[in-house]
Amino acid sequence: MALLMFLLLWMFSDLCQSLESPGLERRGIVLEQDVMGVLGEEVYLRCLYTGNETVMFSTWNRVNSETNSVMMSGFKYANKAFSKESFSIPESQTNLTVKVGITSVTMEGRYDCAFTLEENIIKESLFLTVNVRPEIRTRVEEDVVNGTLYQTVHCSAINAKPMALIRWEIRGVPPDPDVFYIYTTNSTHPNRTGSVVSVLRLPVLLNNESRVSCVVQHPALLRPTVSDVELQTYVPPSISMKMEVKQKNGQDILQVLCSATGGRPQPNIIWILPDSAPAQLPQNPEVESESITSSHWFPPDLCEGENITCVIGYPLRPAVQTKTITLPTYYITSLQLKGGRSETSSDKTSDLVRLADGDGEVVIRMEVIGNVPSYTINCTREDGPMPKEVNVVDSDILIKGPVGFNISGQYRCQASYHRHSAVLQLQIEVNPRVEIPVTFPPNISAQLWKEGANTYVECLASDAAPAANVSWDLPQDLNVEIQSDVSSCNGTHTVRSVLTLPACFFQETTVECVVEHLDLLQQERRPVHLPICVPVNVTLQSMVVWVNGMAYTQVNCSADSVPPDSTVFWNTENCRMGINMSEPSEVLIQSGTLQGDGGGVWSSARLPVHSYAGCTVVCVLEHHRPERNSVQLPSGGPPSVGMKVGPLRDSGLWAAVCEYQGFGLVPNITWIISDHNTAATTIVPVTLQPVFQGISVLVNTSYKFELSQHEGRNITCLIRDHYGMEERRTVNIPKYFISSIVVLNDTSLLRGNSGHVYRVALQEAIPQQIISFRVMGNTPAFSIRCFRADGSAAHTGSTALVFVEPVSEWDAGLYTCHASWYHHKATVLVQVEVTSRETQKMTFFLICFSSATAISLFLLVTRCVCVWREQALRQRESLAGLVQTPCSPDISMATLPSGRGSEYAELLRYSIVLDQKSTV
């Protein structure tokens with residue numbers, strides 16, 4: 001009963017698992033019933049036969065109707081695979097998983113997975129759904145309705161299957177319905193796809209959002225597609241107003257401009273005018289890309305002091321912006337004469353102008369005091385008609401010459417601007433001409449020029465009557481020479497005065513020519529600015545040159561734009577010697593002139609580094625004033641000498657290397673080899689290849705030799721400079737030796753024909769066994785090489801004979817090992833024996849057996865000796881009992897039988913001796 005309950009529970013659990021699985025497994029077929037594919041992509045149709053029967057052939061069939069289906073892919077008889085259209089070849093006859101390329105919406109439908117078994121056909125169906133991704137488009141339009149700018153955003157999801165879903169978001173939330181209006185339209189196409197268009201419309205005036213997002217959702221999209229669209233936002237404009245006075249039809253008219261700049265959208269402009277403003281037809285504003293401007297015209301005299309207001313507004317926004325400007329109020333205070341040639345009449349009611357009979361053309365200038373933008377002046381003669389010689393031009397009274405007495409009279413001039421006016425009462429009086437001496441004011445001129453090493457300034461007062469007085473206003477402490485002369489021609493006089501000055505000055509200097517004359521109301525001054533000396537650029541450049549093993553610092557000094565006769569001097573500072581104190585053979589000075597438009601001079605000084613190191617060299621140019629420049633020469637330090645001796649890499653030679661680094665001089669280097677035992681000395685000359693780096697020189701020389709040639713000797717590097725100073729570095733080459741080679745393994749010593757042989761035992765079949773050596777000697781290094789008896793080389797490490805491979809009988813034999821370092825050598829003989837585990841076991845057994853046998857024999861012999869000694873002891877005890885009597889020896893001996901006493905005496909002595917030994 002319990003077994004039956006367990007079977008029922010297992011069948012129920014298996015049934016639940018089959019119902020819960022996403023695929024379908026019935027009659028031995030596992031497949032997915034619903035598959036979704038996207039047009040233009042690939043999808044997998046999975047079908048698996050899990051039964052135990054043999055599959056004859058298997059196919060995927062597209063079901064067109066209940067009675068019609070088309071085989072798309074599978075396996076026919078003889079396991080021959082086939083596929084059609086965009087179906088791939090299945091994995092196997094039992095695994096009909098295929099990859100299908102979705103090329104058309106018509107591929108949607110039911111597909112059968114069929115397996116033909118030996119006795120029947122089984123199949124299962126799945127439904128393939130084909131989705132089409134939408135094509136998403138956005139566009140923005142603008143239009144104006146009743147003066148309000150609107151933006152319309154179109155978001156389209158075209159040719160989708162199924163129909164896409166569109167929503168609008170602003171910063172993740174739906175748009176405000178009070179500002180944004182949304183409507184959507186759908187359409188279906190014959191190819192079973194559809195399109196949806198969503199329209200978002202908004203007035204720009206009410207929008208404060210710069211971006212809106214169109215979110216498209218569709219089953220064929222992994223995630224919603226978000227398309228951001230930029231929107232125009234409301235931006236308040238900047239308002240400005242200004243006034244301009246212009247001419248229109250020959251009359252002044254006031255234009256007021258109101259501009260709104262930078263606003264979005266463009267606003268409307270409304271004017272608030274005063275009641276006195278004349279009615280005008282509305283004018284179209286001037287609209288540009290970033291601004292809108294409206295204008296209004298006003299007669300200046302009608303709206304003086306009135307306020308004009310410009311209102312900026314929008315149809316849908318209650319808030320407005322205003323700006324107000326006040327029109328000007330004009331006035332004319334007075335009309336008066338200008339120029340200072342008038343007087344006050346005797347009755348003090350008018351201005352008096354006196355003229356002389358016969359004067360040439362006379363201009364009487366008038367001036368209007370006020371703020372009117374323009375005015376007109378009319379003049380009339382009160383005591384008669386206006387003379388034809390008198391005319392009013394603009395604000396001047398022009399009297400044509402020659403002036404006659406008919407010009408005399410009372411004149412009234414009025415300046416007016418609309419309703420504003422002012423009156424000038426003018427009396428002109430013409431008097432007879434009084435002859436006065438003829439005078440002519442001078443023509444004054446001043447000029448400057450350079451000639452040679454001087455500058456000349458000329459002041460000329462020409463064609464004057466009488467002669468003018470010419471003088472100079474000069475700065476203090478100015479070294480100057482003045483030459484003056486006067487010439488006359490046709491009653492006029494010319495005064496000429498010339499200053500002779502240096503060619504230039506080192507600061508701004510001005511001289512003034514002062515001219516005085518009767519016809520001049522005041523002194524006439526003509527300032528002349530004297531030339532400033534161009535700063536002389538004294539350039540110093542230094543460089544290091546090597547000549548015949550000696551370093552020189554060549555200092556080049558040049559000065560541009562100076563006369564060729566300028567002199568260059570050399571000097572030193574912070575130095576133990578001057579340049580002029582140097583030896584001629586070591587110091588070289590050259591000079592010359594520069595070629596070019598400006599000219600100049602140059603000088604070159606070549607100084608030895610060892611004498612002037614660290615000194616400051618000064619170049620002095622003697623010009624208008626001394627100019628100088630200096631440079632500090634590089635300084636060196638004490639030379640450094642280094643020497644080392646050692647073996648050369650990859651060579652059998654040794655080398656002694658001597659390095660010298662100094663400053664200013666290339667030394668001579670010599671090798672000296674000396675032997676302190678024999679006092680012999682060898683001198684080796686050296687050819688140097690110096691390397692120059694500025695004032696420093698690096699010399700690196702080497703001497704190569706064999707170790708056996710100079711072992712135990714001293715090698716000296718002798719350095720001698722140009723002045724006889726010497727520097728020595730000596731290195732002793734030690735006396736090396738290799739006395740012997742010691743084997744560090746457990747060995748036994750054998751004697752052979754070639755000397756001592758060390759016997760070493762190795763274990764058979766074990767790799768990486770070594771025979772270690774110790775080389776006795778004082779060499780810093782050595783190499784060990786080992787050879788077998790047949791002359792072949794054995795593998796060695798640094799100080800060991802190494803058997804890398806497992807040891808065999810072939811490795812046994814005599815090995816000759818050499819330790820060598822250059823010409824030093826030592827040799828050791830090693831007899832290698834190979835023992836196996838079996839041999840060791842047998843040897844151990846034989847040793848144990850032999851030891852046991854020896855111990856047994858020893859115990860046996862010991863036992864026998866002990867038994868023998870016990871028997872002998874008993875015999876002695878019995879004999880002692882026989883000879884021990886209370887009688888004296890004499891009596892005993894007397895009682896012995898005759899002829900046998902001596903034998904018994906010897907026996908007695910022997911018994912006593914034995915007894916004594918036994919006792920001991």
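1. A salt bridge here is a side-chain nitrogen of Lys or Arg within 4 Å of a carboxyl oxygen of Asp or Glu. Arg167 and Glu169 make one, with their closest N and O atoms 2.9 Å apart. Arg167 itself is partly exposed, at a relative accessible area of 32%. For that label, buried means under 20% relative accessible area, exposed means over 50%, and partly exposed is in between (1.4 Å probe, protein chains only).

2. Before going further, a word on what you're looking at. This is a predicted model, in which local features need pLDDT of at least 70 and side-chain atom pairs count only at pLDDT 80 or more, while totals for chains, interfaces and linings use all residues. Residues are numbered from 1 along each chain as its sequence is written, and side-chain values use heavy atoms, with hydrogens and water left out.

3. How many salt bridges turn up in a search of the whole structure? The count is 30. As a reminder, side chains of opposite charge can pair when their charged atoms come close.

4. Have a look at Glu41 and Arg133, whose side chains form a salt bridge at 2.3 Å, N to O. Glu41 sits in the loop between strand S3 (34–38) and strand S4 (42–45), and Arg133 in the loop between strand S11 (121–131) and strand S12 (135–145), so this pair ties together parts 92 residues apart in sequence. Strands and helices are DSSP runs numbered from the N terminus (helices: H or I, at least four residues; strands: E, at least two). Glu41 is partly exposed at 32% relative accessible area, and Arg133 is also partly exposed, at 32%.

5. Next, Asp675 and Arg713: their side chains meet in a salt bridge at 3.7 Å, N to O. This pair links distant parts of the chain, with Asp675 in strand S51 (residues 668–675) and Arg713, 38 residues apart from it, in the loop between helix H3 (707–710) and strand S55 (714–720).

6. Lastly, Leu273, in the loop between strand S21 (268–272) and strand S22 (286–287). Leu273 is partly exposed, at 29% relative accessibility. Leaving aside residues up to four places away in sequence, Leu273 touches His296, Phe298 and Ile308; contact means heavy atoms within 4.5 Å. Leu273 and Cys303 are 30 residues apart in sequence, with their C-alpha atoms 9.6 Å apart in space.
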